[in-house]
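Subject: Structure handover

Hello,

The structure is below, followed by my notes on it. Please read them side by side.

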Amino acid sequence: MNSHILELATALRHELHAMPELSGHEIRTKRRLQEFLRAHSSLEITDRGAWFFAFRKGGDAKAPIAFRAEMDAIAMDETIALPYASATPGVSHKCGHDGHCAALAALALETEQLPADRDIYFIFQHAEETGQGGQECAALLKEKGIAEVFAFHNMAGLERGTVAIRSGTMNCASQGLILRFTGVPAHASLPETGKTPALAVADLIRVIADLTAPGTYPAPVWCTVIQVALGSENFGIAAGEGSVLLTCRGEREADMQRLSDRIIAAAQDFARRDGLALELAFRDVFPETVNHPEAADAIRAACKKLGYPRYEMPEPMRASEDVGHFFKAAKGALFLLHSGDRPAIHTPEYDFDDSIIERAVELFKALI
């Protein structure tokens, strides 16, 4: 990789880290990335509002290829001393999307120095953490006739530079489920004169174990209790409202949806039993991310060509990734690029490992 481009990309990563923005609010991040590409390349840039893509015209020998990176940060304070620490209280790049964007920008610059027999698209996506951005950006693949799409995610644990990959399901599907019960409050001395959701809330939580029992579905599913709220801190009032927030997850999207449907049906039964109103809402909906065998094999071949260590993952990651929307529209694969014994993503001590930028770029170049 060109050493000057690597220096530019590392400096860019630090800039992005200092100005993190939450999902759907990546205004400065998007602007800075566009400024960087305009300053250091002649690529065509198309702004699509919340997100954008850069384009490098190539030949027609192969169908177009795309690469995607995410721009958003998460709601977490920066607690470690960094010269480029987050300047936004309560928001930080603790998932490494600053590094993903820096690597993709570096790839865009590198491709201008190389011959290309195909069109190349560089997609800078918004709102990955909420699962919204991928679905919006994936429409570009059909619009432009893009045949292949690739992405990576940084990860800690294995030896630095190790590429983790698997064919089939790479990341589980998931969705947040909000169930709000509304009854009738009453004086605490006369609870029988009201309609409390207390039993419905308790019974719903208890039934989760039965609905997720091993062997109930073709592939594993999980349901995590995120938050429970009931009544208020007033010892004279019996609760009249209650809510349960859950995350349903599954290796197969169909199983995850079936689990959600069964939980909703149970909640409806409890609400009818106790004379309660039930309101439903969904948040952070993610598809399953399924690596196409051909695309995963292309990553394996690139690792072999470059001499990079590879790890075959025996199971999918339980964490979700909205790049799965892209893989429903074109053949594609996501790989993990490990950075050794470092703090895990989504923890206060985490910071992206700049040393893996070059390895990500070289892998992407090999895929082109």
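Helix α6 covers residues 198-211, 14 residues in total. From first to last C-alpha it reaches 20 Å, close to the 20 Å expected at 1.5 Å a residue. (The expected span is 1.5 Å times one less than the number of residues. Helices are DSSP runs of H or I with at least four residues, strands are runs of E with at least two, and both are numbered from the N terminus.) The buried residues of α6 are Ala200, Val201, Asp203, Leu204, Val207, Ile208 and Leu211. (Buried means under 20% relative accessible area, exposed over 50%, and partly exposed in between, with a 1.4 Å probe and protein chains only.) These buried residues pack against β8 (173-182), β10 (221-230), β12 (241-250) and α7 (253-274). (Contact means heavy atoms within 4.5 Å.)

Before the rest, the basis. This is a predicted model, in which local features need pLDDT of at least 70, side-chain atom pairs count only at pLDDT 80 or more, and totals for chains, interfaces and linings use all residues. Residues are numbered from 1 along each chain as its sequence is written, and side-chain values use heavy atoms, with hydrogens and water left out.

Next, helix α2, residues 27-40. Its 14 residues should span 20 Å at 1.5 Å a residue, and its end C-alpha atoms are 20 Å apart, which agrees. Buried here are Thr29, Lys30, Arg32, Leu33, Gln34, Phe36 and Leu37. They pack against α1, β1 (44-47), β2 (52-56), α3 and β4 (120-125).

Now the helix pairs. The axes of α1 (residues 3-18) and α3 (residues 97-111) come within 8 Å and cross at roughly 150°. (Axes are lines fitted to C-alpha atoms, for helices over the stretch in contact; angles run from 0 to 180 degrees between N-to-C directions.) That makes α1 roughly antiparallel to α3. (Under 35 degrees counts as roughly parallel, over 145 as roughly antiparallel, 65 to 115 as roughly perpendicular, and the rest as oblique.) The crossing is right-handed. (Right-handed means the near helix is turned clockwise from the far one by less than a right angle; anticlockwise is left-handed.) On the α1 side, the contact includes Ile5, Leu8 and Arg13. On the α3 side, it includes Asp98, Cys101 and Leu109. The contact residues divide into 10 nonpolar, 2 polar and 3 charged. (Ala, Val, Leu, Ile, Met, Phe, Trp, Tyr, Cys and Pro count as nonpolar; Asp, Glu, Lys and Arg as charged; the others, Gly among them, as polar.)

α1 also packs with α2, at an angle of about 160° and with axes 11 Å apart. The two are therefore roughly antiparallel. Their crossing is right-handed. Leu8, Ala9, Leu12, Glu15 and Leu16 of α1 meet Thr29, Arg32, Leu33, Phe36 and His40 of α2. That contact has 6 nonpolar, 2 polar and 2 charged residues.

Last, some single residues. Ala116 lies in the loop between α3 and β4. Its relative accessibility is 22%, so Ala116 counts as partly exposed. Leaving out residues up to four places away in sequence, Ala116 touches Arg56, Gly58 and Gly59.

Most residues other than glycine have a negative phi. Ala127 has a positive one, near 50°. Ala127 sits in the loop between β4 and α4 (133-137), and is buried at 0% relative accessibility. Asp284 also has a positive phi, near 45°. Asp284 is in strand β13 (residues 277-286) and is partly exposed at 39%.

Best wishes
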